[in-house]
Amino acid sequence: MHSIRSGRPRVAVAGASGFIGTAVCRTLAEDLDVLALTRSPARSRTPDPDLRISWRYCDLFSARDLMVSLSGCAYAVYLAHSLAPSSRLTQANPRDMDLILADNFAQAAAANGIKQIIFVGGLIPEGFRIAPLLWSRREVELVLASRGTPVTSLRAGLVVGPGGSAPRLMVDLVRRLPILLVPPQARSLTRPIALPDLVRAIRHCLGQPERYRGSFDIGGPEWLTYEEMLRRTAEVLGLRRKILTLPWMPLWIATVAARLFSGAPSALIGPALESLPQDTVMRDNPVQRAIDLGAIPFRTALSAAIDPSSGRLLPNPRQPIQGQDRERMRQAKLVRSVQRIILPPGQDAAWVSGNYFRWLGTCCWPLVQVRIDNSGRCEVCARFPRLRLLSLQRLAEASTPQREVYGIAGGLLSRDDGQGRARFEFQTLLGDRYTMAAIHDYAPALPWYVYLWTQAVAHLMVMRRYQSRLARLAR
């Protein structure tokens, strides 16, 4: 990692290896020392041609890693999300993982005296129909602001640039299909924004936390429907396409068709289609006025993002290292499991952890017995025969009333990964509204496919039962 030069403020960029993060790092490096945080060991080891940018591996699921990484930073740009896999097996809704990442980041920012966090979210519609992906972005916005650090939230619609998932979906569909059947939501209006204009908005707000505290809607110079964007995409590619908007189309049919003909991952297609705007209204604000002059139209932005030789969208900067990351996860055979638990009034993470381990013995009786001693050690044992299945030790130095951390210390079902990072965390957030019960970096001892169909299924069933139990208590 290149050393940070002195004399200039340091800004940390979380999610720096994505298509937005890469562009943000390049621009901010003109005036600031940039610390690019990435969850990819392969990317952190790859030298950056721009010597003004320092790359550091940081596991955003680890509060300890983040606390160290943000030390010495004055500002932060938060672009991280959980749609990309981070373990070989993930038993979690991306929305729930996003809350953990955001809360870890907010706590580390507050502890290190970060002056401002800039977050890029999504446009929130006026009506009651809010897509899960957009509501997840809103929840992240709330969590980032919940620890006291000033947050500037830039709410943008479709971002047009090299490697963007939504532009890539449009380009691939237009390239492969002579006739496109689109859902009725495709006639709703939005204001797509070019990647350089989004970066300009971030740079404009950075360093002015009091002036730009809160949320700001931003977009490009044009109101366009998705139907019109598809037509303009065909024009940019020099193709003649018939686009028909149906009066009714179930979302699952649109998702399956888009997955089949575009080749994009279903984890990206479903949320993207669900987020087609409904009743979008952009409020006038000083950030939008600052980028209006010289804003790039959709057609120009898309043309600049397409490789003229292949007619495809230029690749995401993360693409060259994705294969290495997938291979690393496959070989490591680690598991992440996250469940969102509604917290009964007046309780905290310490109460949930104690309640869970005591309940676990009752839930799995007569097969399993749970023993807890005064030192915080918890052992999960089989009754017949008497075998220690899992051993967990409460980590007092890492635990607070809002975060209880148990290291997974051994047992027949746990494999030593040599790093000692396997842990079970109970993390309370959003003003004690939820507790996230999360297993991180767990290395199962069972053969992988045996584990998938036995222990993994059993754990998920137990956690679902516990979610229902506390939901009843909360009511």
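Trainee: Arginine 191: buried or exposed?

Mentor: Start with the cut-offs. Buried means under 20% relative accessible area, exposed means over 50%, and partly exposed is in between (1.4 Å probe, protein chains only). Arginine 191 has a relative accessible area of 13%, so this residue is buried. Before we go on, note that this is a predicted model: local features need pLDDT of at least 70, side-chain atom pairs count only at pLDDT 80 or more, and totals for chains, interfaces and linings use all residues. Residues are numbered from 1 along each chain as its sequence is written, and side-chain values use heavy atoms, leaving out hydrogens and water.

Trainee: Which residue forms a salt bridge with arginine 191?

Mentor: Side chains of opposite charge can pair when their charged atoms come close. The cut-off for a salt bridge is a side-chain nitrogen of Lys or Arg within 4 Å of a carboxyl oxygen of Asp or Glu. Here the partner is aspartate 292, with the closest N and O atoms 3.9 Å apart. Aspartate 292 sits in helix H11 (residues 286-292), and arginine 191 in the loop between S10 and strand S11 (193-194). The two are 101 residues apart, so this pair links distant parts of the chain. Helices (H or I, at least four residues) and strands (E, at least two) are DSSP runs, numbered from the N terminus. Aspartate 292 is partly exposed, at 37% relative accessible area.

Trainee: How many salt bridges does the structure hold?

Mentor: The structure holds 32 of them. Take arginine 187 and glutamate 227, whose closest N and O atoms are 3.6 Å apart. Arginine 187 lies in the loop between strand S9 (179-182) and strand S10 (189-190), while glutamate 227 lies in helix H8 (residues 226-237). That pair, 40 residues apart, also links distant parts of the chain. Arginine 187 is exposed, with a relative accessible area of 52%. Glutamate 227 is buried, at 12%.

Trainee: What does the salt bridge of aspartate 217 and arginine 283 tie together?

Mentor: First, the distance: 3.3 Å, N to O. Aspartate 217 is in strand S12 (residues 214-218), and arginine 283 is in the loop between helix H10 (266-274) and H11, so the pair ties together parts 66 residues apart in sequence. Aspartate 217 is buried at 5% relative accessible area, and arginine 283 is partly exposed at 45%. Salt bridges can also join up: Asp59, Asp65, Arg403, Arg421, Arg423, Glu425 and Asp441 are linked in a network.

Trainee: Which residues touch the most other members of the largest nonpolar core?

Mentor: A nonpolar core is a set of buried Ala, Val, Leu, Ile, Met, Phe, Trp, Tyr and Cys residues joined through side-chain atoms within 4.5 Å. The largest one has 37 residues, and Val13, Val24, Leu28, Val77, Leu154 and Ile218 touch the most other members. Apart from it lies another core of 36 residues, including Trp359, Leu360, Ile408 and Ala437.

Trainee: What do the buried residues of H16 pack against?

Mentor: Strand S5 (89-91), strand S15 (335-342), helix H14 (349-363), strand S21 (434-442) and helix H15 (448-453). Among those buried residues are His459, Val462, Met463 and Tyr466. Helix H16 (residues 455-474) has 20 residues.

Trainee: How many helices and strands does the chain have?

Mentor: There are 16 helices and 21 strands. Buried residues make up 55% of the 475 residues. Along its principal axes, the C-alpha trace spans about 70 × 55 × 45 Å. Among contacts between residues at least 6 apart in sequence, 71% join residues at least 24 apart.

Definitions and conventions
Expected span 1.5 Å × (residues − 1). Contact = heavy atoms within 4.5 Å.
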